[in-house]
Amino acid sequence: MKKTLLATAVSALALGVVFAAPARAEDVSACLITKTDTNPFFVKMKEGATAKAKELGVTLKAYAGKVDGDSESQVAAIESCIADGAKGILLTASDTKGIVPAVKKARDAGLLVIALDTPLEPLDAADATFATDNLLAGKLIGQWAAATLGDKAKDAKVGFLDLTPSQPTVDVLRDQGFMIGFGIDPKDPNKIGDEDDARIVGHDVTNGNEEGGRTAMENLLQKDSEINVIHTINEPAAVGAYQALKAVGKENDVLIVSVDGGCPGVKAVAEGQIGATSQQYPLLMASLGIEAIAKFAKDGTKPQPTEGKDFFDTGVALVTDKPAEGVPSIDTKEGLNKCWG
């Protein structure tokens, strides 16, 4: 099946429902603050913001944490953006609760703050959120894993390679979505680690990178060497997990699923390292964010959420070369054509 929620974002753009960008936006400045500047996801996000800023004549300054979880650098970046007189901030927060006071300060100073990819806690701490439906992204890979295993799913041994100990919203949504899709009761949907399903081997954190994924996978293997399903927060963590499994000859014994849909991640699916991944569209998120800041600077208009949701949905599609009945997906050829829109 080729239909994806990307159609939601595309149709909204085609109709001009949410954004009608000004022809030019001279003297408008904006900030992009990402979790890191090395993760390919955020590299692509910066690329989208930079291109759209150039197109619209917006002056863009980009900031990033030193590592995923470095909230202090993000707070300092917000302070700089306020001092520089920016009209708006695009933010992927490392600490979705802890950053809220700094965001409030920016909004009180008259800046438009848009959360990209990772909703703040509470959601309305930002003026708007442009994101993948991360709960759905998790559900899709959970449904695919359960359908792929069939009857064996009821006896699976499942491990979770999460992001950071602070449990940012994107981490929780993907994690809990996978559980729902796989048939695991997540208990408190706003918390990771309170589940009591006997199939869960454990959780570990990865900081969203290969090294972290490798170490976390090694830790889970020590808990149970028979683990056979791994949910990963993103594709760098998934590749690290695969490397750890390959080192002990178990790369063919464990089903790995992930979220991101970056070009390297889709290639990892094509090569069989990852079974399936949910593809999101960071370039679209960032470019829409710059358009929104330009519009806000022109006439004070703030972006509106997708109908029926409390955020603007930028789409998601399951990518796999092994489709499962009842789970909509696209193959890696189409996934490579779309990474990262």
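1. Helix α2 passes helix α10 in a right-handed crossing; a crossing is right-handed if the near helix is turned clockwise from the far one by less than a right angle, and left-handed if anticlockwise. The model is a predicted one, in which local features need pLDDT of at least 70 and side-chain atom pairs count only at pLDDT 80 or more, while totals for chains, interfaces and linings use all residues. Residues are numbered from 1 along each chain as its sequence is written, and side-chain values use heavy atoms, with hydrogens and water left out.

2. The two helices of the first point, α2 (residues 40-56) and α10 (residues 282-299), pack at an angle of about 35°, with their axes 7 Å apart. Axes are lines fitted to C-alpha atoms, for helices over the stretch in contact, and angles run from 0 to 180 degrees between N-to-C directions. Helices (H or I, at least four residues) and strands (E, at least two) are DSSP runs, numbered from the N terminus. On the α2 side the contact (heavy atoms within 4.5 Å) involves F41, K44, M45, E47, G48, A49, K52, A53 and L56. These meet P282, L283, M285, A286, S287, I290, E291 and A294 of α10. By class, eleven of the residues in this contact are nonpolar, two polar and four charged. Here Ala, Val, Leu, Ile, Met, Phe, Trp, Tyr, Cys and Pro count as nonpolar, Asp, Glu, Lys and Arg as charged, and the others, Gly among them, as polar.

3. K44 belongs to helix α2. With a relative accessible area of 19%, K44 is buried; the classes are buried under 20% relative accessible area, exposed over 50% and partly exposed in between, with a 1.4 Å probe and protein chains only. Apart from neighbours within four places in sequence, K44 is in contact with P282, L283 and W340.

4. The UniProt annotation "domain: Periplasmic binding protein", from an unreviewed entry, covers residues 32-298. UniProt positions are given in the numbering used here, feature names are shortened, and annotations may be inferred rather than shown by experiment. In the model this span is 45% helix and 18% strand, and its end C-alpha atoms lie 19 Å apart.

5. Helix α3 (residues 71-83) and helix α4 (residues 100-108) have axes that come within 10 Å and cross at roughly 5°. The pair is therefore roughly parallel; angles under 35 degrees count as roughly parallel, over 145 as roughly antiparallel, 65 to 115 as roughly perpendicular and the rest as oblique. V75, I78, E79 and I82 of α3 make the contact with A102, V103, K105 and A106 of α4. Six residues of this contact are nonpolar, none polar and two charged.

6. The axes of α5 and helix α6 (residues 169-182) come within 6 Å and cross at roughly 35°, and α5 passes α6 in a right-handed crossing. From α5 the contact draws on N134, L135, G138, K139, I141, G142, Q143, A145, A146 and L149. The α6 residues are V170, L173, R174, Q176, G177, F178, I180, G181 and F182. Ten nonpolar, seven polar and two charged residues make up the contact.

7. A146 lies in helix α5 (residues 134-149) and is buried, at a relative accessible area of 18%. Leaving aside neighbours within four places in sequence, A146 is in contact with A153, G181 and F182. A146 and D162 are 16 residues apart in sequence, and their C-alpha atoms are 19 Å apart in space.

8. S278, in strand β10 (residues 276-279), is buried, with a relative accessible area of 0%. Not counting residues up to four places away in sequence, S278 touches A137, L140, I141, S258, V259, D260, G261, V316, A317 and L318.

9. Most residues other than glycine have a negative phi, and most peptide bonds are trans. D260, one of the residues touched by S278, has a positive phi near 155°; D260 lies in strand β9 (residues 255-260) and counts as buried at 3% relative accessibility. Q167 also has a positive phi, near 55°. Q167 sits in the loop between β6 (158-162) and α6 and is partly exposed, at 24%. The peptide bond from E121 to P122 is cis, with omega near 5°, and P122 is in the loop between β4 (112-116) and β5 (128-131).
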